[in-house]
Amino acid sequence: MKSLKPVDVVIAGGGWTGLLMAKEITSRTSLSVVVLERGPARKSSDYSTGMDELDYAVRLRMMQNLSEETLTHRHNGRASAVPVRQYGSFQPGTGTGGAGEHWGALSFRFGPDVFQLGSHIREKHGEAKLPPNVAAQDWGLTYDDLEPDYWRAEQMMGVCGKAGNLKGVKIEGGNPFEGPRSHEYPLPPHKTTYVTSLFRKACVDLGHHPYPAPTATASQTYRNPDGVTRSGCLYCGYCTRFGCMIGAKSQPTNTLMPLLVNKKNFTLRNGCQVRRVIHRDGRAEALTYMDASGEEIEQPARIVILGSWTLNNTRLLLMSKIGEPYDPSTGKGTLGRNLTHQVSANVRFFLDKPLNNFMGSGGLGFGIDDFDGDNAFDPAAGLLRGGTMRVTSTGEGPLAGFGRTPPGETESEWGAEWKKAALKWYDKSSSVAFEGGHFPYRQNCLDLDPTYTDKFGDPLIRLTLDWTDHERAQTDMAIKAGSAIARAMGGKVGETRGVGARYSVTYYQSTHVQGGTIVGASPERSVLNPWLQHWEMPNLWMTGGSTFPQSGSGNPTLTIIAMTYRAADALIDRYMKHPDKLL
Amino acid sequence: MKRREFLTVPVKSLGGLLLYTIAGEPVRLPAQVKDQENGKVKIPLLFFTEAEARAVQAACARIVPSDASGPGATEANVIVYIDRQLAGPWGRDKYRYTKGPWVESVAEHGYQGKENPQQIYRAGIPKLGEDFGTAPAAEQDKRLRAVEKTTFFRLLRTHTLEGMFSDPLHGGNAGLIGWQLIGYPGPLMSYRDEIDKYHGMPFTAKPKSLEQVTGRRIKGWEEQS
């Protein structure tokens, strides 16, 4: 194996967190940073001709190539897992910018109680009232700790929205249930569409508290504190699963790379798949990777940061034999525990007017948190916590939109009668979407699959994951509340979808898979300390969704980025003064 | 190498003036017609045999028929779209995990079969019957109903809609006829001035393809790998 000249910092993964770490380190220190990204090089200008629904939204051209590496899934520890052979419930990205290129840009903060969920639900309900095997635990940091970093993340990306709680003062038009903000959003909300304005009005009529969905797609020209300027959204609708053709949607390629490309102490290597962390005597020494030509290479470094996607971060530690793998039967071990997804539900509804659904932006719409967190508490229904609901105009192309019909309209899914109905109802439906926080459970976890391997022969990551009665109660509630809103909008309710009897990999839910290398206050119950430093290996740091002990209700990216800022400060301002010490 | 296969279709059955051949080259129909006898176009096939293409084309025409509600799969040239997708990397499962062991699993794990889309079509088409292309419509419908739960038919239905409504750069939606049918304007660059004005009323515009919008020749993924 070829061993390269040592560098100060080596980072696995060139997405939001890896590149943000690289940007913070290279702009504030003279340390040399190498980022290893498995996927192709991407730049903002690549997207100017990418407005093709088939290649990007159906064939998923920007995602990880599953023929090279996928994951396996089983519903419980007694079953054997099978590989996820084609895309379904979530869609990891690849290439420069990672999933931060094709994301929808919804940028929620988690509620303050999410960071203390373990103690919060135990105090509120008592251990005996909790669902069986709930493994919710505190993060070892609070919302107030993270608030300044949330604000930095919002400024960096130029998040649009309307504050509902400024320093404890409730503000009309924002989300009254959010944690206190130190500042109003950097940018005003987006324009509204017909269907989102109907949703907003219906929510007000029903006594709910609609707020503009927060999104990191600029509503107008925006210059961030780093001096990077992006233009305002044109609402072309080619957004989620696409790279933005004009760079209005904040993506690592248009928000971070402009600051990195000319840095002498920064190197990005594409086509380099990291396979192991080399370590000795409690110290990470190098990353080994396969480069694009198939040569195996070792990159030694003083500091190693793993910033790849949730499942890959956990898999890298498992393959590198760092930390004790979690055993669900005994509860011992920390690596691979607290796997969560997001609890999603959907209520389709039909209106009698055309909606121009092809116009929009990934995060354009209104949401309500009237059914989120403790607001949803309903002991008779077995429900402790709920989730956030919204109607968005994300930009729906004809491949996604054609063929939706109200129930009873047509029996067949093809043929003349069906075609007539599909034409009549085309562009006349939307949906109320629900995203709930997913409790971690003792039985839901990650380990290495004993059978299936990737293109290099390394074991795939195995998800043991299923829904419980609590998630079904969450989505039952969401369908009931969402249907009431849809009817108040004048809509006819069509197909509704909750989590169902068993976890399914066959349809898209969200790419918000979390946990596996979680933060916490003690090494007995977490992999990382509250600064994202490995408890057993002080020069190993980790960023991303793998660090979350449980999912929040909304999309995790903003929290992922805020946590990365926090880790960057800890590493640069404190760790570097006393290297190889645990903070 | 297999014998070059062609599908011959009457020009008047195709929508619009602009047709994309399987090789991906845009062709103005009138120019090509001059080279054809009796106003017919010979479309070179990349994956299907001519007999297979005839059967699939007939099936697509039953899934989205041409009738009083508007043009269907035939006018949109859906068969060219499907042929190109199957011949490309996707048709050979270049993006699907295809390592064994292959095991049956629960429905929540999705398609776990070994067969790639090319093989699914090749095995599925004969089940429609040798005379499918010339059978009466009612008989065609009956045979399609009999297989409508199969993986082959689910793929065929999905592909028919993709060929109707995807950008013409992939070979279907000839003359943007699918987008005209539903009033989709194509990948326009901006709705900034329209998005908050067209509330409760349709925004309509003569559809444009991605190549027309960008003024650049764009290759589909199927042509690149």
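User: How do β4 and β5 of chain A pair, and over how many bridges?

Analyst: Strands of a sheet pair through backbone hydrogen bonds, either parallel or antiparallel. In this predicted model, strand β4 (residues 71-74) of chain A and β5(A) pair in the antiparallel sense, over 2 bridges. A:T72 stands opposite A:P83 in β5(A).

User: What is the strand order of the open sheet of 4 strands in chain A?

Analyst: The order is β5-β4-β21-β20 of chain A, and the pairing is mixed. β5 and β20 of chain A are the edge strands, each pairing on one side only.

User: Which helix lies across β4, β20 and β21 of chain A?

Analyst: Helix α9 (residues 310-320) of chain A does. This helix runs at about 75° to β20(A).

User: Now the open sheet of 6 strands in chain A. What is its order?

Analyst: Read across, the order is β8-β17-β18-β19-β16-β22 in chain A, with antiparallel pairing. The edge strands are β8 (211-212) and β22 (492-497) of chain A. Each pairs on one side only.

User: How many bridges join β16 and β22 of chain A?

Analyst: There are 4 bridges between strand β16 (residues 343-350) of chain A and β22(A), in the antiparallel sense. In β22(A), A:V493 is the bridge partner of A:F349.

User: Let us take a single residue. Is A:R404 buried or exposed?

Analyst: Count the C-beta neighbours. A:R404 has 21 of them inside 10 Å, so A:R404 counts as buried. The cut-off for buried is 20 or more. A:R404 is found in the loop between α10 and α11 of chain A.

User: Which residues does A:R404 touch, leaving out those up to four places away in sequence?

Analyst: A:R404 touches A:R348, A:W425 and A:S429. Take A:S429: it is 25 residues from A:R404 in sequence, but the two are 7.6 Å apart in space, C-alpha to C-alpha.

User: On to the other chain. What is the order of elements in chain B?

Analyst: Chain B has 8 helices and 4 strands. From the N terminus on, they run β-β-β-α-β-α-α-α-α-α-α-α. Of the 225 residues of chain B, 42% count as buried. Take contacts in chain B between residues at least 6 apart in sequence: 68% join residues at least 24 apart.

User: How should I read helix packing there? At what angle do α3 and α6 of chain B cross?

Analyst: Two packed helices are described by the angle between their axes and the distance between the axes. The axes of helix α3 (residues 78-87) of chain B and helix α6 (residues 151-165) of chain B come within 8 Å and cross at roughly 115°. α3(B) and α6(B) are therefore roughly perpendicular to each other. Their crossing is right-handed.

User: Which residues of α3(B) and α6(B) meet?

Analyst: From α3(B) come B:V78, B:Y81, B:I82 and B:Q85. From α6(B) come B:H159, B:T160, B:E162, B:G163 and B:M164. The residues of this contact of α3(B) with α6(B) divide into 4 nonpolar, 4 polar and 1 charged.

User: How does α4 of chain B cross α6(B)?

Analyst: The axes of helix α4 (residues 117-124) of chain B and α6(B) come within 9 Å and cross at roughly 110°. That makes α4(B) roughly perpendicular to α6(B). The crossing is left-handed. B:P117, B:I120, B:Y121 and B:G124 of α4(B) make the contact with B:T151, B:F152 and B:L155 of α6(B). The residues of this contact of α4(B) with α6(B) divide into 5 nonpolar, 2 polar and no charged.

User: What should I look for in the backbone?

Analyst: Most residues other than glycine have a negative phi, and most peptide bonds are trans. The peptide bond from B:G100 to B:P101 is cis, with omega near 0°. B:P101 lies in the loop between α3 and α4 of chain B.

User: Where is A:D281 found, and what is its phi?

Analyst: A:D281 is found in the loop between β12 (273-280) and β13 (283-290) of chain A. Its phi is positive, about 50°, although A:D281 is not a glycine. A:D281 is exposed, with 6 other C-beta atoms within 10 Å.

User: Is B:L176 buried or exposed?

Analyst: B:L176 is buried, with 22 other C-beta atoms within 10 Å. Its phi is also a positive value, near 60°. B:L176 lies in the loop between α6 and α7 (177-182) of chain B.

User: Last, the interface. How many residues of chain A are in contact with chain B?

Analyst: 53 residues of chain A are in contact with 54 residues of chain B. Several elements of chain A each supply at least two residues of the side that touches chain B, among them α6 (194-205), α11 (416-425) and β20 (445-453). The residues of that side of chain A divide into 24 nonpolar, 17 polar and 12 charged.

Terms used:
Residues are numbered from 1 along each chain as its sequence is written. Chains are lettered from A and ligands numbered from 1 in the order in which they are written. This is a predicted model: local features need pLDDT of at least 70, side-chain atom pairs count only at pLDDT 80 or more; totals for chains, interfaces and linings use all residues. A residue is buried if 20 or more other C-beta atoms lie within 10 Å of its own, exposed if 12 or fewer, and partly exposed in between; C-beta atoms are placed from the backbone. Two residues are in contact if their C-beta atoms, placed from the backbone, lie within 7 Å. Axes are lines fitted to C-alpha atoms, for helices over the stretch in contact, and angles run from 0 to 180 degrees between N-to-C directions. Angles under 35 degrees count as roughly parallel, over 145 as roughly antiparallel, 65 to 115 as roughly perpendicular and the rest as oblique. A crossing is left-handed if the near helix is turned anticlockwise from the far one by less than a right angle, and right-handed if clockwise. Ala, Val, Leu, Ile, Met, Phe, Trp, Tyr, Cys and Pro count as nonpolar, Asp, Glu, Lys and Arg as charged, and the others, Gly among them, as polar. Two strands pair if DSSP finds at least two bridges between them.
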